[in-house]
Amino acid sequence: MSYVIYGARGSGSAIVELACAAIGVEYELRDLDMRGKEQRSDGYTAINPRQKIPTLALDAGEYITESMAIVITLDERHREAGLLPAPGSKARAQALRWMAVMATEVYPIVEIIDYPQRFLPADAASEVVTALGGRAKEIWAQRWLTIEAAVAGEPYLLEEGFSAADLYIAVLSRWDLEPAWRSEHLPRVEALTAALRARPALAETWARHFGQR
């Protein structure tokens with residue numbers, strides 16, 4: 001069983017690549033030129049009409065979008081790898097809970113921080129654009145403090161150990177957070193990330209996306 005991952009270095013597709021690496025399954029990587037707007041090309045739009053990454057091509061020729069849906073699908077197809085805790089367990093419920101928080105309450109804030117003008121009228125004053133981006137950064141930081149408080153394991157999110165939820169936390173924490181701020185305010189998240197990138201199965205994939213960050 002093999003897959004094709006459409007993504008880009010340093011992006012949310014890192015979560016899917018790391019999930020495949022954790023499982024130990026083969027995949028082909030197709031890096032899109034995001035600066036060149038390759039995600040808006042006719043070829044990619046035919047695969048993912050939302051023109052977003054990541055997209056996972058299954059061996060049967062089907063395509064799945066949205067990183068959380070992809071991770072859950074991979075877990076269901078490779079239960080022996082333990083990417084998520086067992087179905088019906090309290091640990092699985094908590095892993096899915098925090099994956100949903102990351103996917104819906106944290107991930108979307110990045111676009112507002114990076115492109116506040118997309119969320120305002122075209123004639124919005126520059127100070128309004130700047131204010132929106134600044135407020136988004138404040139919300140981003142507040143939500144990370146909530147996640148920091150939720151890290152219950154040593155060093156992973158769950159006391160039961162590593163899960164796909166840790167992939168979300170580690171990857172998204174590399175975006176739009178100053179290293180000094182992370183070190184001061186997110187020591188548990190930093191310890192989680194250090195442990196994750198040190199896992200032999202994940203080290204190479206992590207380094208491709210983030211180096212030693």
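Helix H4 gives the lining of the largest pocket its largest share, six residues. This is a predicted model, in which local features need pLDDT of at least 70, side-chain atom pairs count only at pLDDT 80 or more, and totals for chains, interfaces and linings use all residues. Residues are numbered from 1 along each chain as its sequence is written, and side-chain values use heavy atoms, without hydrogens and water.

The pocket holds about 1,200 Å³ of space. Here a pocket is an open set of points on a 1 Å grid over the protein atoms alone, where a 1.4 Å probe fits, with protein on both sides within 12 Å along at least five of seven lines; lining residues have an atom within 4 Å of a point. There are 33 lining residues, and Met34, Lys52, Ile53, Tyr107 and Tyr115 are the closest to the centre. Because domain 1 (3–81) and domain 2 (90–199) both contribute to the lining, the pocket lies between them; these bounds come from an automatic or database domain assignment.

Here is the lining by class:

| Class | Lining residues |
|---|---|
| Nonpolar | 11 residues |
| Polar | eight residues |

Now to H4 itself, which runs over 90–114. Its 25 residues should span 36 Å at 1.5 Å a residue, which agrees with end C-alpha atoms 36 Å apart.

Terms used:
Grid points are joined across faces, edges and corners, and a volume is the space filled by probe spheres set on the points. Helices (H or I, at least four residues) and strands (E, at least two) are DSSP runs, numbered from the N terminus. Ala, Val, Leu, Ile, Met, Phe, Trp, Tyr, Cys and Pro count as nonpolar, Asp, Glu, Lys and Arg as charged, and the others, Gly among them, as polar. The expected span of a helix is 1.5 Å times one less than its number of residues.
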